[in-house]
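Let's take a friendly walk through a protein structure. Please have a look at the sequence and the 3D view first, and then read on.

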Amino acid sequence: MSTSVGTPAPASRLPREVDDISGRSARAILSRRDPPTVQIARLVILLISIVVLVAGWRVTDIDLSKLANAPNASRILLALVQPNVVERDVTQTELRTPYTVGTTGTGEAVATTATGQKLRVLPGAAKAGDSVELVGSGFEPDAEAQLRLDTGTGRTILLSRIPTDNRGGFDVEIEWPGAGTAPPGDYALQMLVNAPSGSLHISDTFMTGLTRMGETILLALMGTVFGVILSVPFSFLGARNLMGGSVVGMSIYSIVRTFFTITRSIEVLILGVIMVVIVGIGSFAGVLAIVVHSVGSLGKLYSEAIESIEPGPVEAITATGANRVQTVLFGVIPQVIPEFLAVTIFWWDHNVRMSTVLGLVGGGGIGYLLIQYIQLLQYNQSATVLWMIVAVVTAMDYASAAIRARLV
Amino acid sequence: MLVIERLVKDYPGNVRALDDVSLTVPDGEFVVLIGLSGSGKSTLLRCINRLVEPTSGRILLDDVDITAARAANLRAIRRNIGMIFQQFNLVRRSSVLTNVLTGRLGYVSPWQSVMNHFGEEDFRRALINLERVGLRERAHQRADRLSGGQQQRVGIARALMQEPRIMLADEPVASLDPATSHSVLKYLQQINREGMTVICSLHFLSLARTYGTRVVALKGGRLMFDGLPSEIDERRFKDIYGEEAVEVEIR
């Protein structure tokens, strides 16, 4: 019913045979031979790449043998699979008896408690190199007993660690240590037995970690919120499609984009160090670091979201006689809202990850706890915190992806 | 009355989109612009409301020089010129009502629009115009939930909110199927019969013949033909579209 304008296609003619092939293969005709200069350039680039990689290997001291011969690795790996999540309370039993060091004694020294634990030491005095028999009974089964020498000056000397058997007893012989460890004199022999008691409960490490993790998430939230507040107004000034067309507009655009790039180029850990110097150790320094770090990145992401809107509605609203502010309010903002929300949620998720390391430089959050455990060589506790970070970051990652998928 | 005098538009890269186009459109005409893609139809329409800045020449609407207008004045002039687009150019995520009210922005003070405030009068007009294009029941739906034809009718309602003197239409039915095309053009025809000047670019010559009271053809940015739809015969058709072209019957 309707007519339209068109150009009819000329009758097509497909040749049955390629003319003038003169016996050569089609592959040879079509294969591309690069000119020698290109081939040489390619070779030079390859050589330079190899040189750079070799230099990099040497400069960074790569030594794979260190990996194969790493005494701490197994402890750390073992701790990773044994995070300190649940624990029992520990009760300590102490027994004491006077003991003389420096003479070979006779008889025995005996220590008992009111709750039925008993330690016999034979003989009742010892000097370096003597064989001393220790007999214990009535302790917790499978616990560890520490034999110490109390100097009476507030210092104790560890002589031996003795495991109890499954009936709570032991009978071992030890060689009395030299004068360097236990100089002659009158001491009190002390036995400490640590035994778990009571039922399993969530460990203190885990509870502290949870508190710190909550603090970390809130730190990231506050940093993100202030980052959003500061970056949204600038993002409109950093969008080429809104600022283009005049010299003034493009100047503002360039200044804003440069500002974004500068704040974005400083790593969050460095910002953390700077902020700790300014406002002192604690979460506030972390929040400030996150804010500065976020303004540039969020601003850039928002600006790019604005630049990717459909120009049509903006054109249409301009045509109605609306001014610039009205055009942005009615033509730009409704289009960018879902993208802005998606960017913000993604960035909160990103900031939670950043916040977990800010503690390493004193910026508060769970990283502060982690660095303490690592420095105290408490690997099981460190593992607890590490796994907590893994769990939260994974959950945030998943949640933010799910929310973004619904928004855009 | 719209008067276009010796209009020239050069795009960067030495591209002359409009070359010395002069045209006078008395009130109440339905002018159909035809021509190949790239012949300058869109540029001509966009020069009339200064979405595109002309390089030289003058455009006068009721003796007001559009080409000389400065910012505040330009706003007032644009209010008098409605425009609808090939891709409808609605804000997809906003409601139909919001899109229609947008047409009123040229009258609302910027501060009122910051508060998203439209007056009772604006809502009354929105109601009338939505009724007019038969979409009153759809007022609170998101614009992108509507079919193409419905979206274009929202575009017409938005333009009518301006209470314009003339209506520009840039390929308003090129994204629509033939039946919907007729329904949209009938709305434009009705508006025209109520006295509004319509300038509309179209691809289908048959539609130009049905709805236009006058046909203006552009070729390579120059005015090629200006006359009654019935005057376009085989020879003029080939002048406008080239020797290779034929009028194709489509079902």
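A:Trp347 has a relative accessibility of 7%, so A:Trp347 counts as buried. Here buried means under 20% relative accessible area, exposed means over 50%, and partly exposed lies in between, with a 1.4 Å probe and protein chains only. A:Phe346, at 30%, counts as partly exposed.

A word on the model: it is predicted, so local features need pLDDT of at least 70 and side-chain atom pairs count only at pLDDT 80 or more, while totals for chains, interfaces and linings use all residues. Residues are numbered from 1 along each chain as its sequence is written, chains are lettered from A and ligands numbered from 1 in the order in which they are written, and side-chain values use heavy atoms, leaving out hydrogens and water.

**Rings and charges**

How many aromatic pairs are found over all chains? The search of the whole structure gives 9. Rings of Phe, Tyr and Trp (its six-membered ring) pair if their centres lie within 6.5 Å; planes under 30 degrees apart count as stacked, over 60 as edge-to-face and the rest as tilted. The table shows two of the pairs.

| Pair | Type | Centre to centre | Between the planes |
|---|---|---|---|
| A:Tyr302 and A:Phe340 | stacked | 4.3 Å | 25 degrees |
| A:Phe346 and A:Trp347 | tilted | 5.9 Å | 55 degrees |

A:Tyr302 lies in helix α9 (residues 283-307) of chain A and A:Phe340 in helix α11 (residues 324-358) of chain A, so their pair ties together parts that are 38 residues apart in sequence. Helices (H or I, at least four residues) and strands (E, at least two) are DSSP runs, numbered from the N terminus. Both A:Tyr302 and A:Phe340 are buried. Elsewhere, A:Phe234, A:Phe259 and A:Phe260 form one aromatic cluster.

In chain B, look for B:Tyr107. B:Arg79 lies over the face of B:Tyr107, at 4.4 Å from the ring centre, and the charged end of B:Arg104 sits over the ring of B:Tyr107 at 3.9 Å from its centre. A charge sits over a ring if NZ of Lys or CZ of Arg is within 6 Å of the ring centre and within 35 degrees of the ring normal.

**Nonpolar cores**

A nonpolar core is a set of buried Ala, Val, Leu, Ile, Met, Phe, Trp, Tyr and Cys residues joined through side-chain atoms within 4.5 Å. The largest one has 55 residues, and B:Ile156 is among those with the most contacts inside it. Helix α6 (residues 148-161) of chain B supplies the largest share of this core, 6 residues. Beyond its neighbours within four places in sequence, B:Ile156 is in contact (heavy atoms within 4.5 Å) with residues including B:Ile84, B:Val133 and B:Met167. A second, separate core of 30 residues includes B:Leu2 and B:Leu74.

**Backbone details**

Which bond joins A:Leu122 and A:Pro123? It is a cis peptide bond, with omega about -5 degrees. A:Pro123 is placed in the loop between β4 (118-122) and β5 (125-126) of chain A.

B:Asp20 has a positive phi of about 55 degrees although it is not a glycine. B:Asp20 is found in strand β2 (residues 15-25) of chain B and, at 31% relative accessibility, counts as partly exposed. B:Glu163, also not a glycine, has a positive phi near 50 degrees. B:Glu163 is found in the loop between α6 and β7 (166-169) of chain B and is partly exposed, with a relative accessible area of 43%.
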